[in-house]
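Visitor: Please pick one part of this model and take me through it up close. I'm happy with plain talk, but I'd like the cut-offs.

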Amino acid sequence: MTVILPFIALAANIFTGWCMVNWLWPRRAQGGEAWFIFFLSACVGLGTGSLGSFIWRIALWWLPLGFVLIDVALLVIFATLWRLRSRGEQVAPVNTNKADDTSRRGASKYLPVMALGLAIVCAITVFRISQVHPHGQWDAQAIWNVKAKFLLYGQAQWTNMFAAPVARSDYPLLLPLTIARLWSYQGYDSTIVPQVLTVTWLLATTGLIVTSLSVLAGVRHAALATLILLTSKLFLELCSWQYADTAMSMFILAALGTVALWRPQYGQTGRLLILAGFCAGCAAWTKNEGLLFALALTIAFIVATTFTHGGRTMGHGLKYLLLGMTPMICLVVFFKLVWGGPSDLFSDQNLDQMLTHLIQPDRHRLVWKSMFDSLGRILHVPLMLLTVLYTLLVGIHRTRAALLAPAVAAIATLVMVVGYASIYLITPHDLQWHLSTSNERLLLQLWPGAVLMIFLLPKSPESLRLVV
Amino acid sequence: MQGPRAIACLLLMSLMALWSLLVVCDTLLVMTVDQDGPDKNHLTQKLGRRFGLLKDELDGQHTVGFITDQPRFYGQGNLDVMIAQYMLAPLVIDHQHDQPTSITNFTSDEALQRWLASSDYSLQKRIAEGLAVVERVGP
């Protein structure tokens, strides 16, 4: 019985997320949007669950089954908020960039199902491979799962993890807290929980791509984008190695996808942006790079919305976006101030050393060469060239409103890449070693968001009036 | 938009879909055959099993030292400490200071014996080749 308890808890978490998302969703969702809500619920639910776990560990560790109490409390609170919310709000349905609804007819309607089917095949393969290394690869053991063990068994002394030789003790705790909480339901640390979680990241990421694009760009683009997402071997490998980069990429995609569904020209409130901000906050609570993403998303939102809808709409939306980020960012700041401390990237050197590194041309050359090499290993170059050709043939959206989502994704991705490059330039570690051990993984975090952006740009094939 | 351009788009999209599908299938096959990942020698699994043998011996301890004859940083030694910490958490492994109780991870029993002969530690229990629990007897 205890074997299935973690998975019941995981399902309950997703349901908590479902209640929270529905509470904030500005309209009654149908079709692809309802499925998007389901996959977004996995992200939001796991983020909320992690927040609850942190409260359990720092304040209610002494209470028997305190983690159950907090999970139930969160579920009841968000279910009540959802039921209490007035459903009378009439807002136009999400604008799709599709010219008509031909994609709902014929064989095309099965395309997203087929894409999700392929994702499930990938998930099964990843799960089977992860059983060859049931404890995960290096990062999983040296960072994430070991922290989860301290959180599970440490009781009030869980902070011993900061005295132990645990790599990256300054990294935030979303993943370890999630694993530890699910282990708590089981009563011991099993290898199955991290394995199932990694499959959850994979399925949620592909689900978010399929559903967001089927709403925004048509089912054909949704199916194609999913296929192209899964062509990245590194993406599937990192899932099987239990690395946190796949969770990061899921939260980044969830934030960008939710911003893409926001349509200010229809007078929608910023409720969707609260969810987008919350997902960006979850990314910040997963890895340090997530803090950079929260900043990148904010910059991208300010620039793109000002350009497409004007400063007033931007100001209105920005309030909601920052409101959504606030809980998790506060959590990260609290954690950093009390336990995490500064990253070794900044604490192991002074400003002069950073500036000296920054002006060395050799370092610039090495960093950007490594970036391009890594990009070539993440994406399938011939397929990308075909995608560019396809986009040129079909044409891109020209209305400012339709350009908001791809512009936000593009600017956020650009800021992230520049941010990563800057970190490498100033790193106090051996640059070659630092690049070879992390560059590919960092760029892969941006891969699903980039795929979303690529397929939001071109006009939908439905505009060609060809029905398959 | 209709005509040759539309047909070209449709053909291109079909080509991309088929190509992607082939790449995904190929990737899954390659991953299934080559399942090792960065740890080609299954080193972490071997070390995990090795340090897992210490669990019962160290039950009730809060902190132990870690003594090894391997280099410390970015080499085997650092990995050893990390994996030992993972397997034995929430026990804290202190590899930087002397502790009354320590675990040893030597390449061989001979190397362990040589070290014991010249140190202030006594053997508490041998667990496996080069792996033991030792106690400090000196000041």
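**A close look at chain B**

Guide: Let's start with how chain B folds back on itself. Take the contacts (heavy atoms within 4.5 Å) in chain B between residues at least 6 apart in sequence: 60% of them join residues at least 24 apart. Before going on, some ground rules: this is a predicted model, where local features need pLDDT of at least 70 and side-chain atom pairs count only at pLDDT 80 or more, while totals for chains, interfaces and linings use all residues. Residues are numbered from 1 along each chain as its sequence is written, chains are lettered from A and ligands numbered from 1 in the order in which they are written, and side-chain values use heavy atoms, leaving out hydrogens and water.

Chain B has 4 helices and 5 strands, taken as DSSP runs numbered from the N terminus (H or I, at least four residues, for helices; E, at least two, for strands). Along the sequence they come in the order α-α-β-α-β-β-α-β-β. Of the 139 residues in chain B, 47% are buried, meaning under 20% relative accessible area, with exposed over 50% and partly exposed in between (1.4 Å probe, protein chains only). Chain B exposes about 7,200 Å², 56% of it from carbon and sulfur atoms; accessible areas like this come from the Shrake-Rupley method with a 1.4 Å probe, and for residues only the protein chains shown count as cover.

Now for the side facing the partner. Here 46 residues of chain B are in contact with 58 residues of chain A. Between them the two chains bury about 4,700 Å², with 76% of that on carbon and sulfur atoms. Buried area here is the accessible area (1.4 Å probe) that two parts lose on being put together, summed over both. Met16(B), Met31(B) and Tyr86(B) supply 16% of what chain B buries against chain A, more than any other three residues.

What about polar links? The interface of chain B and chain A has 0 salt bridges, a salt bridge being a side-chain nitrogen of Lys or Arg within 4 Å of a carboxyl oxygen of Asp or Glu. There are 4 residue pairs in polar contact between chain B and chain A, both residues at pLDDT 80 or more. A polar contact is a pair of N or O atoms within 3.5 Å; within protein, one must be able to donate a hydrogen and the other to accept it, and residues adjacent in sequence count only if both atoms are side-chain atoms.

Which elements of chain B each supply at least two residues of the side that touches chain A? They are helix H1 (4–33), helix H2 (43–52), helix H3 (76–88) and strand E2 (92–94). H1(B) gives the largest share, with 21 residues. By class, that side has 31 nonpolar, 12 polar and 3 charged residues. Ala, Val, Leu, Ile, Met, Phe, Trp, Tyr, Cys and Pro are the nonpolar ones, Asp, Glu, Lys and Arg the charged ones, and the others, Gly among them, are polar.

For comparison, the whole structure has 13 salt bridges over all chains. One of them pairs Asp245(A) with Arg441(A), closest N and O atoms 3.1 Å apart. Asp245(A) sits in helix H10 (residues 245–260) and Arg441(A) in helix H19 (residues 431–445), 196 residues apart. Both Asp245(A) and Arg441(A) are buried.
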